[in-house]
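I opened the model to look up charge pairs and surface patches. My notes follow the order in which I checked them.

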Amino acid sequence: AKTVTGRAQTALEETKAQLEASETKFANYRGEKESLISKLQQELTDAQSSNAVLNDKHAAANESLGVAKQNLEDSKRTIAATSASIDEMKTRSDDLKDIV
């Protein structure tokens, strides 16, 4: 009976040691998980911030492109008007040559 009790006591102590080891591993995993979650949350925050900056740059680039397009259209109209004026001057010059 003493031997059975001794073996039961030994088995109980081994089981208790295994349980404590498992609890330690679980606590370590929990700590690693929390650390990883914190790191991922920081990476997400950084990515969102970077995305916001890129969106702002994209909007500014689109605005600049719009201004450049408008300037191009204005330049085309100015060139067309100048060309028409030059053509008109040539016509008048030719008319004056014919008169003289």
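I started with E73. At 36% relative accessibility, E73 counts as partly exposed (buried is under 20% relative accessible area, exposed over 50%, partly exposed in between, with a 1.4 Å probe and protein chains only). I noted that this is a predicted model, where local features need pLDDT of at least 70, side-chain atom pairs count only at pLDDT 80 or more, and totals for chains, interfaces and linings use all residues. Residues are numbered from 1 along each chain as its sequence is written, and side-chain values use heavy atoms, with hydrogens and water left out.

**Entry: E73 and its partner**

Which residue forms a salt bridge with E73? I found K76, with the closest N and O atoms 3.7 Å apart. I took a salt bridge as a side-chain nitrogen of Lys or Arg within 4 Å of a carboxyl oxygen of Asp or Glu. K76 and E73 sit three residues apart in helix 1 (residues 2–99), so about one helical turn separates them. Helices here are DSSP runs of H or I with at least four residues, numbered from the N terminus. K76 is partly exposed too, at 45% relative accessibility.

**Entry: R77 and D74**

I checked R77 next. Its salt bridge goes to D74, and the closest N and O atoms are 2.4 Å apart. Both residues belong to helix 1, three residues apart, or about one turn of the helix. R77 has a relative accessible area of 48% and is partly exposed. D74 is partly exposed at 30%.

**Entry: R92 and E88**

How far apart are the closest N and O atoms of R92 and E88? I read 2.8 Å for this salt bridge. R92 and E88 are four residues apart in helix 1, so the separation is about one helical turn. R92 is exposed, at 52% relative accessible area. E88 is partly exposed, at 43%.

Side chains of opposite charge can pair when their charged atoms come close.

**Entry: nonpolar patch**

I then looked for nonpolar surface. L96, I99 and V100 form a nonpolar patch with about 400 Å² of accessible area together. Patch residues have over 30% relative accessible area and no salt bridge; nonpolar side chains (Val, Leu, Ile, Met, Phe, Trp, Tyr) are joined within 5 Å, like charges within 9 Å. The areas come from the Shrake-Rupley method with a 1.4 Å probe; for residues, only the protein chains shown count as cover. L96 lies in helix 1. L96 is exposed, with a relative accessible area of 53%.

Terms used
Helices (H or I, at least four residues) and strands (E, at least two) are DSSP runs, numbered from the N terminus.
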